[in-house]
Amino acid sequence: ARIINECIHQMGETCRKVLMYYYFDGLSMQDIADKLGFANTNTAKTKIYKFKQKLDELVKSQYTEKDFLD
């Protein structure tokens, strides 16, 4: 979780908030949409999907499998 957390903190503010609400706070799509002023839950879903991919790329570019085994 430390590595994921570090990578999330390197992302833009909206990105960071969406992922924190989703992963760490366990908020529903509706709650995320409401908190961030998105038009609807579909917007929240799309952003979560996009930001998760961005996070994946960030993690892969900075860490190797070995880092996760510590």
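Biologist: How many helices and how many strands are there in the protein?

Modeller: Helices (H or I, at least four residues) and strands (E, at least two) are DSSP runs, numbered from the N terminus. This is a predicted model in which local features need pLDDT of at least 70 and side-chain atom pairs count only at pLDDT 80 or more, while totals for chains, interfaces and linings use all residues. Residues are numbered from 1 along each chain as its sequence is written, and side-chain values use heavy atoms, with hydrogens and water left out. Along the sequence the pattern reads α-α-α-α, and the count is four helices and zero strands.

Biologist: How are H3 and H4 oriented to each other, parallel or perpendicular?

Modeller: Helix H3 covers residues 29-36 and helix H4 residues 41-62; their axes (lines fitted to C-alpha atoms, for helices over the stretch in contact) lie 8 Å apart, at an angle of about 95 degrees. Angles run from 0 to 180 degrees between N-to-C directions; those under 35 degrees count as roughly parallel, over 145 as roughly antiparallel, 65 to 115 as roughly perpendicular and the rest as oblique. H3 and H4 are therefore roughly perpendicular.

Biologist: Which residues of H4 does H2 meet?

Modeller: H2 and H4 pack at an angle of about 100 degrees, with axes 10 Å apart, and are therefore roughly perpendicular. Contact means heavy atoms within 4.5 Å. From H2, the residues Thr14, Cys15, Val18, Leu19, Tyr22 and Tyr23 take part, and in H4 they meet Ile48, Phe51, Lys52, Lys54 and Leu55.

Biologist: Which residues is Leu55 in contact with, leaving aside its neighbours within four places in sequence?

Modeller: Leu55 is one of the H4 residues that meet H2. Leu55 also belongs to the residues with the most contacts inside the largest nonpolar core. Beyond those sequence neighbours, its contacts are Ile4, Cys7, Ile8, Met11 and Leu19.

How values were computed
A nonpolar core is a set of buried Ala, Val, Leu, Ile, Met, Phe, Trp, Tyr and Cys residues joined through side-chain atoms within 4.5 Å. Buried means under 20% relative accessible area, exposed over 50%, partly exposed in between (1.4 Å probe, protein chains only).
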